[in-house]
Amino acid sequence: MLDALKAGASGWWTAAPNLRTAVPGPVRSGAGAGNLDKAQLLYDDLKPLLEFIVAGGLPTTVKAGLDLLGFPIGDRGRRCCRSTSRAGFI
């Protein structure tokens with residue numbers, strides 16, 4: 001993700017701000033402003049959380065993290081419609 005920002009991407013999509021609100025924004029803005037050393041340090045601190053979210057499944061890990069932070073969100077809602085994509089995405 002940081003490599004994409006270094007190459008000029010304007011942002012990325014992640015659930016990390018739900019769990020670590022103060023870190024993803026400064027990574028993006030630091031990289032965009034050319035402060036790559038600071039962005040790298042912040043990203044290195046955030047990377048284990050990103051890897052954990054991906055490995056555990058986004059809905060499950062974010063729900064568990066919010067529960068631990070004192071924000072119980074209840075059960076997941078049902079999908080409003082089925083995907084018709086054949087690319088393997090749900």
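Tutor: Let us take the terms one by one and set each value against its definition.

Tutor: This is a predicted model, in which local features need pLDDT of at least 70 and side-chain atom pairs count only at pLDDT 80 or more, while totals for chains, interfaces and linings use all residues. Residues are numbered from 1 along each chain as its sequence is written, and side-chain values use heavy atoms, with hydrogens and water left out.

Student: How many helices and strands does the chain have?

Tutor: The chain has five helices and zero strands. Helices are DSSP runs of H or I with at least four residues, strands are runs of E with at least two, and both are numbered from the N terminus. Read from the N terminus on, the order is α-α-α-α-α.

Student: Why is Thr61 called buried?

Tutor: Buried means under 20% relative accessible area, exposed means over 50%, and partly exposed lies in between, using a 1.4 Å probe and protein chains only. Thr61 has a relative accessible area of 8%, so Thr61 is buried. Its place is in helix α5.

Student: And what makes Leu50 buried?

Tutor: The relative accessible area of Leu50 is 14%, so Leu50 counts as buried too. Leu50 lies in helix α4. Over the whole chain of 90 residues, 22% count as buried.

Student: What is Leu50 in contact with, leaving aside its neighbours within four places in sequence?

Tutor: Contact means heavy atoms within 4.5 Å. With those neighbours left aside, Leu50 is in contact with Thr14, Ala16 and Tyr43. Thr14 is 36 residues apart from Leu50 along the chain, and their C-alpha atoms are separated by 8.1 Å.

Student: Which backbone oxygen does the side chain of Thr61 reach?

Tutor: That of Gly57, at 2.9 Å. A polar contact is a pair of N or O atoms within 3.5 Å; within protein, one must be able to donate a hydrogen and the other to accept it, and residues adjacent in sequence count only if both atoms are side-chain atoms. The pair at 2.9 Å is such a contact. Gly57 itself follows α4 and has a positive phi, near 90°. Leaving aside its neighbours within four places in sequence, Thr61 is in contact with Leu19, Phe52, Ile53 and Gly56.

Student: How do you know that the buried residues of α5 line one face?

Tutor: The buried residues of α5 are Thr61, Val62, Gly65 and Leu66. Seen down the axis of α5, they fall within an arc of 130°, so they line one face of the helix. The arc is that of the directions from the helix axis to the C-beta atoms. The face turned away from this buried side carries the exposed residues Thr60 and Leu68. What covers the buried residues of α5 includes α2 and α4.

Student: Which residues of α3 are buried, and what covers them?

Tutor: Pro24, Val27, Gly30 and Ala31 are buried in α3. Their arc, seen down the axis of α3, is 135°, so they line one face of the helix. The elements covering them include α1, α2 and α4.

Student: How do you know the span of α4 is close to the expected one?

Tutor: The expected span is 1.5 Å times one less than the number of residues. With its 21 residues, α4 is expected to span 30 Å, and it reaches 29 Å from its first C-alpha to its last.

Student: Where does α4 have a kink?

Tutor: A kink of about 40° lies at Leu46, shortly before the proline Pro48. The bend at a residue is the angle between axes fitted to the seven residues ending there and the seven starting there.

Student: What makes a set of residues a nonpolar core?

Tutor: Such a core is a set of buried Ala, Val, Leu, Ile, Met, Phe, Trp, Tyr and Cys residues joined through side-chain atoms within 4.5 Å. The largest one here has 16 residues, of which Leu2, Leu19, Val27, Leu46 and Leu49 touch the most other members. The largest share of this core, six residues, comes from α4.
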